[in-house]
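Q: Hi! Could you walk me through this one with me?

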Amino acid sequence: MWQDVNNQTDLKMFVFQMLDSLKVMKIYSAVLCFSLVVTSNSGAIPKDDHDKRVFDKELSDIEHGNDDTHNPEYDHESFLGKEEAKTFDQLTPEESKSRLAIIVKKIDKDNDGFVTEDELKNWIKYVMKRYIYQDTERQWKEHEVKGDVLEWETYKDKTYGFITTDEDGKPTSEDTAGSYDKMVTRDEKRWKRADENGDGKLTKEEFANFLHPEEVDHMKEIVVEETMSDIDKDKDGYITLDEYIGDMWPNKDNEDEPDWVKNERENFANYRDKNKDGKMDANEVKDWILPADYDHSDAEAKHLMGESDVDKDGKLTHEEIIEKYDLFVGSQATDFGEALTKHDEF
């Protein structure tokens with residue numbers, strides 16, 4: 001992508017795209033495993049250049065396999081991404097197994113030599129909460145906090161202050177004006193939703209809700225609204241099948257429709273459009289991206305247990321987990337594999 005950035009305007013547009021993409025990635029990380037279930041039945045979604053929601057993108061170019069065969073590399077790339085997966089490649093199998101063994105002992109809370117599904121689920125929940133805490137702490141320190149609160153103008157200046165503006169605060173470049181206005185408006189709307197007392201300032205807890213709105217009930221509607229805003233091109237308050245497919249697969253080159261797109265058409269008709277009126281309203285979008293009956297940690301624990309429990313006794317020995325080390329380093333049980341590269345992480 002960098003080779004296409006030829007001037008200052010292009011650079012600004014590139015940064016905007018990266019900022020928007022990173023924020024969206026954080027919002028939708030909770031539905032990655034849900035997409036994995038769908039994708040594993042429909043084939044891997046090919047790579048595309050447009051920056052959209054994470055659950056719309058492919059989890060891996062590698063086939064996941066079926067009930068009879070399983071490719072652990074799919075899990076590795078699905079939860080790490082191709083570039084991040086190189087972190088694991090830096091370790092020898094012996095190093096990976098040795099470091100994973102330390103983590104397994106932490107998961108085995110009662111020290112009985114076995115890891116149950118509940119212990120695995122609780123560990124994954126801990127890792128997810130730990131990521132949110134660390135991410136919030138990191139970003140909180142990057143801003144000029146006054147007392148124990150962060151003001152909106154301070155956040156906006158820090159986040160978007162690199163853009164050259166006129167006396168009215170508008171970008172001087174027409175190319176960046178649209179993206180600037182859209183991103184600032186979106187951020188401000190989310191900021192106000194996170195600002196529970198309406199004073200224009202966020203405490204650290206409120207800032208965490210701003211960064212990760214999918215994690216708290218009173219913020220989940222903003223996730224739905226932002227998704228609707230992205231996909232509902234004609235702004236009629238609904239997402240049609242064409243908008244749904246067009247967002248995932250713009251097909252700018254007029255190519256033949258691949259199988260995964262055909263499967264998504266079926267998913268839209270059979271699962272997304274619950275009232276069968278040919279479109280998704282806000283409630284149906286919420287059921288799609290934030291399903292109430294879906295527990296990410298539970299699903300991931302069941303997935304890891306099913307793939308690793310060789311003797312099918314409903315619990316994992318430490319040896320069974322180490323034997324499947326290449327599966328676990330690609331899961332949230334090891335914080336997307338990153339913990340294996342840090343000696344004192346846990």
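Q: Which helix is Glu 153 found in?
A: Glu 153 belongs to helix H7; helices here are DSSP runs of H or I with at least four residues, numbered from the N terminus. This is a predicted model, where local features need pLDDT of at least 70, side-chain atom pairs count only at pLDDT 80 or more, and totals for chains, interfaces and linings use all residues. Residues are numbered from 1 along each chain as its sequence is written, and side-chain values use heavy atoms, leaving out hydrogens and water.

Q: Why does Glu 153 count as partly exposed?
A: Because its relative accessibility is 42%; buried is under 20% relative accessible area, exposed is over 50%, and partly exposed is in between (1.4 Å probe, protein chains only).

Q: Switching topic, how many residues does the largest nonpolar core have?
A: It has 33, a core being a set of buried Ala, Val, Leu, Ile, Met, Phe, Trp, Tyr and Cys residues joined through side-chain atoms within 4.5 Å. Trp 191, Phe 207 and Phe 210 are among those with the most contacts inside it.

Q: Which helices supply at least two residues of this core?
A: H7, H8, H9, H10, H11, H12 and H13 each do.

Q: What about a second core?
A: There is a separate one of 19 residues, including Trp 123 and Met 305.

Q: Last one: which residues of H12 are buried?
A: Trp 260, Val 261, Glu 264, Asn 267, Phe 268 and Arg 272.
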